[in-house]
Amino acid sequence: MSHHSDENAVYASTDSFWEVGNFKRTTKRVEDGNRLCDDLMKLVSERAEIEKMYAKSLKEWAKKWNNIIEKGPEYGTTEAAWKGVLMEAEQRYELHTHVKENLINEVHSNIKQWQRENYHKSMMGQLKEKKDIEDMFKKAQKPWAKLFEKVNKSRADYHNACKSERSAQNQERNAGGDSSLSPDQVKKLQDRVSKAKEEVSRGREKYEQSLREISDYNPKYMEDMSHVFDKAQESESKRLQFFKEMLFSTHKCLNISNDSSLPRIYEEFHHTVDNADYEKDLKWWSNNHGVNMPMNWPAFEEYTPDLHRISKKGVKGAMSVSGGGGGGGGGGDVTLTGIKGPPPPANHNNTNAPPPSSKTSDNNRISTISSNGVSGDDDEWDYSERTFDPNKPGVPVRALYDYEGVEADELSFKVGEVFDKLEDEDEQGWCMGRKEGHIGLYPANYVEPV
């Protein structure tokens, strides 16, 4: 009795690395490694962009709120505490900008350089490293693949012979009960069965021989394939180690808790808020806007004819003129108090000149200059004082028209005369100037810069 194999039997595939062509999964890993470099660079660059946009948002937010706070009603040390929040944001802007730059310069650029050094594309777009390792696998697998093909062929031949033998035996068995068959026909069926048995025997022998051959070659095959596989593993090992290094670099860039500037940011923030002192703020308000403000209370003042009366609308406070004024005698400091009032009327004698700004009544602008610095102005005036140096450098200007001063505190000049402008134009179009030692007001539109 012959040993038959199932007619539907096929070679059981295990999807193993050792089977023909299955090394391609390992060679594809080279291609995947190159793509993973692109993915990692994209990941890092997108995170860097997030850091950049976050830093930009902090900067813009701090700028917006700085304007709001400065224009708002908050004051003193409490206002400074508000701004401490903005200072933290500005410092975090610097910190996250630094994170973004490090991600690009220390991580992204290193990955790009490593990829350029380890993956090279051919003219056809194929990676040279993948092709090299694939060629080595093919060379190592080629002899074994031929033996494997021989095994498959001998197995198929043997199974076909078994199938033919079974068919011949069935026909012989059926012929035994058929009286219509001649002895010659029965003998032919018997001969066919014998021949089929011989084919099975030869097929089995070839099949077993091919299996012995491939079994004998398996160690060599495994050795050669393992050698190439180790090379592939070595290459992949470099990639995995490099990626780990880059991920640690990413961690270092993002881990701002290790940045020495971070604790200082919040120490300064805490210190700024801690410095908010409501008692100091209330005292400041009292000194600048409340009951502790100084006041030049009205006092009796003798008339002093040898000193000037200078008034100027829009200038609060007073001026002290060191030395003598023009037209008066020398002496000590001259205090100009309560300088506030409109400019003089137009000089109607000068038909070509533009009219100066209109003036209100003298009751709004009388300001007496006394040598002791005490003035007797109306209650509406600000009696704070400031020192004015008559030797202060001025800006040279040239008269465009003639002008004859109407008041004693005004300058007179002719077309073409040059004198000094000491203060810029006020709201009503008048400037403070000095001509031949005399200090007074003049219409701003009557002169031009030299």
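Reader: Which residues does Tyr 207 touch, not counting residues up to four places away in sequence?

Author: Contact means that heavy atoms lie within 4.5 Å. With residues up to four places away in sequence left out, Tyr 207 touches Val 151, Ser 154, Arg 155 and Tyr 158. The model is predicted: local features need pLDDT of at least 70 and side-chain atom pairs count only at pLDDT 80 or more, whereas totals for chains, interfaces and linings use all residues. Residues are numbered from 1 along each chain as its sequence is written, and side-chain values use heavy atoms, with hydrogens and water left out.

Reader: How many residues apart in sequence are Tyr 207 and Val 151, and how many Å apart in space?

Author: Tyr 207 and Val 151 are 56 residues apart in sequence, and 6.4 Å apart in space from C-alpha to C-alpha. Tyr 207 itself belongs to helix α4, residues 183-254. Helices (H or I, at least four residues) and strands (E, at least two) are DSSP runs, numbered from the N terminus.

Reader: Is Tyr 207 buried or exposed?

Author: The terms rest on relative accessible area: buried is under 20%, exposed is over 50%, and partly exposed is in between (1.4 Å probe, protein chains only). Tyr 207 has a relative accessible area of 18%, and therefore counts as buried.

Reader: Which residue has a side chain in polar contact with the side chain of Arg 92?

Author: A polar contact is a pair of N or O atoms within 3.5 Å; within protein, one must be able to donate a hydrogen and the other to accept it, and residues adjacent in sequence count only if both atoms are side-chain atoms. Here the partner of the Arg 92 side chain is the side chain of Tyr 266, at 2.6 Å. Arg 92 is part of helix α2, residues 76-118, and is buried at 14% relative accessibility. Apart from residues up to four places away in sequence, Arg 92 touches Leu 58, Ile 256, Leu 262, Ile 265 and Tyr 266.

Reader: How many salt bridges does the count come to?

Author: Side chains of opposite charge can pair when their charged atoms come close. A salt bridge is a side-chain nitrogen of Lys or Arg within 4 Å of a carboxyl oxygen of Asp or Glu. By this rule the count is 22 salt bridges. One of them joins the side chains of Asp 15 and Arg 25, at 3.4 Å from N to O. This pair links distant parts of the chain, ten residues apart: Asp 15 is in the segment before α1 (24-71), and Arg 25 is in helix α1. Arg 25 is partly exposed, with a relative accessible area of 48%.

Reader: Which residues are linked in a network of salt bridges?

Author: The network consists of Glu 70, Glu 79 and Lys 83. Within it, the side chains of Lys 83 and Glu 79 meet at 3.9 Å, N to O. Because they are four residues apart in helix α2, about one helical turn separates Lys 83 and Glu 79. Glu 79 is buried at a relative accessible area of 18%, whereas Lys 83 is partly exposed at 25% relative accessibility.

Reader: What is the order of the strands in the open sheet?

Author: Strands of a sheet pair through backbone hydrogen bonds, either parallel or antiparallel. Two strands count as paired if DSSP finds at least two bridges between them. The open sheet has five strands in the order β7-β6-β5-β4-β8, with antiparallel pairing. Its edge strands, β7 and β8 (447-449), each pair on one side only. The twist averages 45° from one strand to the next; axes are lines fitted to C-alpha atoms, for helices over the stretch in contact, and angles run from 0 to 180 degrees between N-to-C directions.

Reader: How many bridges join strand β4 to strand β5?

Author: Four bridges join β4 (residues 395-399) to β5 (residues 418-423) in the antiparallel sense. Val 395 stands opposite Lys 421 in β5. Lys 421 also forms a salt bridge with Asp 424, with 3.4 Å between the closest N and O atoms.

Reader: How many of the residues of strand β7 are buried?

Author: Six of the six residues of β7 (residues 438-443) are buried, so this strand is largely enclosed by the rest of the structure. His 438, Gly 440 and Tyr 442 point one way, while Ile 439, Leu 441 and Pro 443 point the other way. Strand β6 (residues 430-435) pairs with β7 in the antiparallel sense over six bridges, and Gly 433 has Gly 440 as its bridge partner in β7. The two strands form a hairpin with two residues between them, where Glu 436 in the turn has a positive phi of about 55°.
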